[in-house]
Amino acid sequence: MHPVTPLRRAWAPIAVLLGWAVHDMDQAQRQLAHLTGATLLIGLAVLVPAAALYGFLTWWFTHFAVTDTELRIRTGLLFRRTAHIRLDRLQAVDITQPLVARLVGVAKLKLDVVGAEKKDELSYLGEKQARDLRAELLARAAGFAPESAHEVGEAPARQILHTPPRTLAVALLLTGAPWGMLLAAAAVPAFLWFATHNLWTVIGAGVPLAGAAFTHSAGRFIKEYDWTVGESQDGLRIDHGLLDRVHETVPPGRVQTVRVVEPLLWRRRGWVRVELRVAGSANSVLVPVAPREHAEDVIARILPGVAVPKPADFVPASRRGRWCVPVWWRAYGVAVTETAFAARHGLLRRRVALVPHAKVQSVRLTQGPWERCWRVAGLHLDTGANSTVTARLRDAQEAAELLRAQADRSRTGRRAARPDRWMSTTP
């Protein structure tokens, strides 16, 4: 790893100490009250070198190697751990640069592996070394020979969408969630103060609410700043971030579902947000905000041959569904095309979930007691990303017919689906 890595890992002992202090503030306050200046200096003189030693040792005992078939990462000071990552199971290799890392010129690699619950990572590497290693790993995953993989380099990308910061800021201001969080962060602590007059109770409730408000407003702007989507042979590349710069790749063929979100105040401007679910990956946003036609163009590139149905293509829910979901039943709808199944719901925040037939793993029909009374049912399509697309309030007979037809379409779609490969070219 890069020599600056110990500085990042040296914070672990200090973080543990701060975590104990936050967990039991009263006890920490009493302990600090009994400390003298000399004792505090001695403690710092011991803690800082110990933290530095811990960071150095964890860096010293961390190594990685690329073999013909796998990437090996060995870590651990007392308890050794060796991760064997098969290169043919790699589906995304992302580059992340936190603010301080950008200033120093280093980066970390995050590796998405099929079947893994969380990403393995290599941090930190020199920025050029990280990009070269990423290109080599992707070339190996695509099937290039080991002796030529390091010569392939990073596949060129062509920009297909960019979200201007001004558009992103206006879109966030027109979303209800940030305003609701800000109102809760202001109202709940004030109410608790008048009810309890306990400062710690106010802090315990106010800090999480303030953090949630920040995450849904300024935090989203910082994270999704300068959002750029590019197209390359190894998938769609996404670059974003104001402070922490992230370079992600949406692997081809691994996208299971796509969701088009349209908040109420965005409709007049024709804006939508596109979210996705990728098997074995944490990537969840494809387009933070964009005109509908631009977003649909990106969807067509990530799901070749799949088009988002028009509003007129959706078949509304059964009118009997109004007794199960009053008012909101009007928002439910279903559209089936030759390549995909789409389900719509939501009045104020309209959402359309789109799943290609080839990605459907199972189909289920469900009916609760009240739904059986009104002869309506729900159809659930399960995908490989542990996600489900649900069409609610369908007529019971219609739902049964949809289930049988969808099972046939899914079998046919899987037989005709193209294999999942990293690059469109072969060595």
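This tour visits a sheet, a helix packed on it and a cavity.

The model is predicted, with local features requiring pLDDT of at least 70, side-chain atom pairs counting only at pLDDT 80 or more, and totals for chains, interfaces and linings using all residues. Residues are numbered from 1 along each chain as its sequence is written, and side-chain values use heavy atoms, leaving out hydrogens and water.

**The sheet.** Begin with the open sheet of seven strands, whose order is β6-β5-β4-β10-β9-β8-β7, with antiparallel pairing. Strands (E, at least two residues) and helices (H or I, at least four) are DSSP runs numbered from the N terminus, and two strands pair if DSSP finds at least two bridges between them. Select β6 (120-126) and β7 (158-163) next: each stands at an edge with a single partner strand, so one side of each has no neighbour in the sheet.

Move to β8 (residues 227-232) and β9 (residues 235-240), antiparallel strands joined by five bridges. Select E231 and then L236, its bridge partner in β9. Helix α12 (residues 292-302) packs on the sheet and touches β7, β8, β9 and β10 (245-250); contact means heavy atoms within 4.5 Å. The direction of α12 makes about 140° with that of β7, using lines fitted to C-alpha atoms, for helices over the stretch in contact, and angles from 0 to 180 degrees between N-to-C directions.

**The cavity.** Finally, select T175, R220, P263, W266, R273 and R349, which line the largest cavity. A cavity is a set of points on a 1 Å grid over the protein atoms alone where a 1.4 Å probe fits but cannot get out, and lining residues have an atom within 4 Å of a point.

Conventions
1 Å grid on protein atoms, 1.4 Å probe; cavity = no way out; pocket = protein on both sides within 12 Å on 5 of 7 lines; lining within 4 Å.
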